[in-house]
Amino acid sequence: MRWMLLLSGLAWGIATVCADGDALAGLATPDELAREKAVAEWAARGGEAVPALLEGLKHADGRVRGGAALALGRIGAPEALAPLTALFHDDPDLGTRGDAA
């Protein structure tokens, strides 16, 4: 059974983490308002969030990949350009491709 807990000591205490350790789980919610909040929280971290978000582009869940893409776009990290371009061209989920645009 997966359950959510708030990890208060990680990057200003805004990361929602699943019991399985998936720090990007907040991006997977089907609730658009909650997902937008998660994207905004990741983007607010700036450069320190980039490594985790780049890993998120490889996540099995398309909503996580798309949310990571949106956050990276807001951060404007130059190292994200090639992975975002690849996601835009190659991802099987059209919604995720749109998020990478």
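Which residue forms a salt bridge with Asp-91? Arg-65 does, with the closest N and O atoms 2.6 Å apart. This is a predicted model, where local features need pLDDT of at least 70, side-chain atom pairs count only at pLDDT 80 or more, and totals for chains, interfaces and linings use all residues. Residues are numbered from 1 along each chain as its sequence is written, and side-chain values use heavy atoms, leaving out hydrogens and water.

**View 1. Arg-65 and Asp-91 form a salt bridge.** A salt bridge is a side-chain nitrogen of Lys or Arg within 4 Å of a carboxyl oxygen of Asp or Glu. Arg-65 lies in helix H3 and Asp-91 in the loop between H4 and H5, so the pair ties together parts 26 residues apart in sequence. Helices (H or I, at least four residues) are DSSP runs, numbered from the N terminus. Both Arg-65 and Asp-91 are buried (under 20% relative accessible area; exposed is over 50%, partly exposed in between; 1.4 Å probe, protein chains only).

**View 2. Arg-35 meets Asp-99 in a salt bridge.** Their N to O distance is 3.0 Å. Arg-35 lies in helix H1 and Asp-99 in helix H5, so this pair ties together parts 64 residues apart in sequence. Arg-35 is buried, at 9% relative accessible area.

**View 3. Asp-61 sits at the start of H3.** One of its side-chain oxygens reaches to within 2.7 Å of the backbone nitrogen of Arg-63. The side chains of Arg-63 and Asp-61 also meet in a salt bridge (3.3 Å, N to O). Arg-63 is partly exposed, at 38%. Asp-61 is partly exposed too, at 22%.

Definitions and conventions
Polar contact = N/O pair within 3.5 Å; in protein donor to acceptor, adjacent residues only side chain to side chain. Helix = DSSP H or I, 4+ residues; strand = E, 2+ residues; numbered from the N terminus.
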